[in-house]
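Visitor: Please take one part of this model and go through it closely. I would like the strands and how they pair.

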Amino acid sequence: MESSDKLNRRNFLKTLLMASSAAAIDWTGFGALASSIPNKKNFSIIVIGAGLGGLVSAAYLSRHGFDVTLMEQHSIPGGYATSFDREDFTFDVSLHATVAEHAMPQMILSDLGIWDKLKVAYTPELKRIVTPDFDVTLPAKNPEGVKKALSKAFPHEKQGIYNFYTEMEQVISELWDGKRFTTSMMGKLEKISLEQWMSLHVKDLKVKYCMAIFSGYYGLSPSKINALFYAIATGEYLVHGGQYYKTRSQDLSDTLADCVEKNNGKIHYNTEVSQILFNDQNSIEGVMDSTGKKYPAKAVIANCSVPALFNKMVPKKYVPPDFTRQIQKRNTSLSSFVVWLGLNKRLNHIKDYEIDFALNTSMNEDQLFSKKDLADSNIGITIYDNLFKDYSAPGKSTLSIMCLSDFTPWKKFEKDYFNNQKHAYNREKERIAQSFIQRVEQRLIPGLSDYIEVMEIGTPLTNMFYTKNPEGAIYGFDRDMAHLKAKTPIRGLYLASAWSHGGGYTPVMMAGRETAKLVLKDLKTVL
């Protein structure tokens with residue numbers, strides 16, 4: 001892209017890929033590339049992990065006639081895009097809102113021929129923000145309404161609010177509509193952080209808190225988030241509105257898994273890969289599971305965590321030292337603390353879906369969670385029955401209360417947790433959960449404690465148990481470093497996960513497509 005603000009094309013595309021634009025995708029090349037490879041069944045490909053990245057890779061490859069085996073250590077597909085049942089309630093593990101329709105996920109799922117098998121619900125608002133000092137609701141799919149709502153709450157910052165969101169809209173216009181301006185806003189924002197961008201327009205920390213309200217979606221504080229990334233990812237919410245896969249995120253994962261199997265791909269659940277196997281020429285020849293069974297393969301796509309892949313599955317002699325250092329200098333991302341509640345009552349007095357409930361509006365790391373005591377963290381409340389009718393059983397309600405968390409306060413419980421000695425751990429998670437419930441009860445839902453029929457609590461250790469992600473990471477590695485390349489220095493080994501491409505539904509789905517295509521390009525070169 002040419003503009004008065006010269007933009008580094010390589011960095012631009014990386015940022016674009018992180019955020020989700022279709023501009024970075026060649027939609028015509030996959031089928032043609034697959035068609036150019038004869039005897040597809042002779043090229044067996046194994047995908048480790050049935051998270052969204054692994055499912056998309058396996059779906060593309062099986063759809064185009066390749067011999068694909070998907071191996072998943074859990075009993076269901078999806079990674080974090082899953083749900084679970086407790087009595088009369090079905091709880092979603094991770095999904096609150098995403099941008100699917102008219103965006104990258106719809107394009108990928110349409111390309112796979114399965115978009116029409118899914119339905120989405122639109123969130124009724126962008127976000128409601130409740131603090132001790134103000135209570136403001138940002139409307140959905142209404143950028144002008146967002147500007148007006150914040151300007152009404154903070155009239156002294158009206159001009160800066162309008163300028164900030166107008167620039168965000170300009171980014172979306174450049175990206176999706178191909179519009180060109182005298183000064184490229186994408187070029188301007190690529191060079192600065194979200195904090196720097198906000199500071200160009202406003203000074204009030206409360207206004208900044210509202211502008212940066214989606215920072216938690218990306219796992220970094222405003223000073224560490226690239227402004228262009230934030231503008232694209234949040235701008236799509238601003239313009240298109242948030243969406244939710246009906247009836248749960250599990251529907252998305254199950255539909256992708258069905259696509260794999262209906263195209264003759266194989267999925268082995270409850271099957272953990274223990275080692276990647278090499279032949280005498282140092283080329284991949286397959287994998288071995290935890291029972292010692294071997295599976296042949298010409299290529300392996302890893303949707304599992306990168307630390308597990310290179311610390312446990314790949315013998316160290318095959319990993320170049322430089323690549324090992326690349327991995328070691330990265331930090332795992334944040335994890336989550338979630339309280340799922342099934343209530344014996346409908347919450348008719350609240351119409352909002354997503355509510356940010358903040359004790360403070362600090363712009364430092366504590367904006368994401370409290371490092372002193374997790375119980376003092378700002379929390380997000382999701383009332384799922386305000387999303388679509390019949391989300392819960394008649395006369396009942398489903399909601400979640402959550403905050404981000406690092407692994408530090410849970411490290412002391414790790415050994416006992418995995419030895420099933422959970423007494424101290426259970427006391428701590430119950431303490432935090434009850435603190436959250438009391439806060440919500442006092443300000444938003446009087447009598448909440450009396451309505452609870454079912455409660456489940458998830459911590460970083462819960463995430464570790466079910467996903468095998470180190471420290472229960474929910475975004476893979478932190479976003480503060482460049483992504484790892486999908487093609488590793490080990491011939492025949494590829495990456496397609498949050499650990500390589502960044503966390504979130506859209507980035508990992510894009511990773512699945514990109515990596516599957518990369519495998520085909522490499523297969524073609526050896527013909």
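Guide: Arg-128 stands opposite Ile-355 in E15. This is a predicted model, where local features need pLDDT of at least 70, side-chain atom pairs count only at pLDDT 80 or more, and totals for chains, interfaces and linings use all residues. Residues are numbered from 1 along each chain as its sequence is written, and side-chain values use heavy atoms, without hydrogens or water.

Strand E6 (residues 125-130) pairs with strand E15 (residues 354-357). The sense is parallel, over 3 bridges. (Strands, E, are DSSP runs of at least two residues, helices, H or I, of at least four, numbered from the N terminus; pairing takes at least two DSSP bridges.)

Now the whole sheet. It is open, with 7 strands in the order E7-E6-E15-E16-E17-E14-E18. The pairing is mixed. From one strand to the next, the twist averages 15°.

Helix H5 (residues 143-153) lies across E6 and E7. H5 runs at about 170° to E7. (Axes are lines fitted to C-alpha atoms, for helices over the stretch in contact, meaning heavy atoms within 4.5 Å; angles run from 0 to 180 degrees between N-to-C directions.)

Another strand to follow is E2 (residues 68-71). Strand E1 (residues 45-48) pairs with E2 in the parallel sense over 4 bridges. There, Val-47 stands opposite Leu-70. E2 also pairs with strand E9 (residues 266-268), again parallel, over 3 bridges. In E9, Ile-267 is the bridge partner of Leu-70.

Notes
Buried < 20%, exposed > 50% of the residue type's maximum accessible area, 1.4 Å probe, protein only.
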